[in-house]
Amino acid sequence: RPAPGGSSAAGGGAVRARLVASCRPPLAIRDALFAFHQRHYSANAMRLCVVGKQSLAELEQLVLPLFYPIPNINRPPPAWPGEPYAS
């Protein structure tokens, strides 16, 4: 009997490896998502609202390291013709 999470001579490790691999998206989907991210994620198109009990300086220290690295590719804002909530 194999140890929990381990492998055995009967191939328990191979079964686990197949299960882990089956959880990954196909490369075509991954590539499409990555391309979408590269094309549409730009700092100039993002807004962030932060609420907390901390001071403004403390909130800024928490948020800046997470969002400052997002590149600005000067992506034009999205446009939708017409009224989005018209009947």
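**Entry 1: salt bridges.** I began with the meaning of the term: a salt bridge is a side-chain nitrogen of Lys or Arg within 4 Å of a carboxyl oxygen of Asp or Glu. I also noted that this is a predicted model. How many salt bridges does a search of the whole structure find? I got 1. Arg30 forms a salt bridge with Asp31, and their closest N and O atoms are 3.8 Å apart. That pair counts because 3.8 Å is within the 4 Å limit.

**Entry 2: how covered is that pair?** I looked up Arg30 and found 47% relative accessibility, so Arg30 counts as partly exposed. Asp31 comes out at 45%, so Asp31 is partly exposed too.

**Entry 3: a buried arginine.** Next I went to the segment after helix 3, where Arg75 is found. Is Arg75 buried or exposed? I found Arg75 buried, yet without a salt bridge. What does the side chain of Arg75 join in a polar contact? I found the side chain of His40, at 3.0 Å. Leaving out residues up to four places away in sequence, I listed what Arg75 touches: Arg39, His40, Ser42 and Asn44.

Entry 4: I placed Phe67 in helix 3, which covers residues 56-67. Phe67 has a relative accessible area of 39%, so I wrote it down as partly exposed.

Methods. Residues are numbered from 1 along each chain as its sequence is written. This is a predicted model: local features need pLDDT of at least 70, side-chain atom pairs count only at pLDDT 80 or more; totals for chains, interfaces and linings use all residues. Side-chain values use heavy atoms; hydrogens and water are left out. Helices (H or I, at least four residues) and strands (E, at least two) are DSSP runs, numbered from the N terminus. Buried means under 20% relative accessible area, exposed over 50%, partly exposed in between (1.4 Å probe, protein chains only). Lys and Arg count as positive and Asp and Glu as negative; His and the chain ends are not counted. A polar contact is a pair of N or O atoms within 3.5 Å; within protein, one must be able to donate a hydrogen and the other to accept it, and residues adjacent in sequence count only if both atoms are side-chain atoms. Contact means heavy atoms within 4.5 Å.
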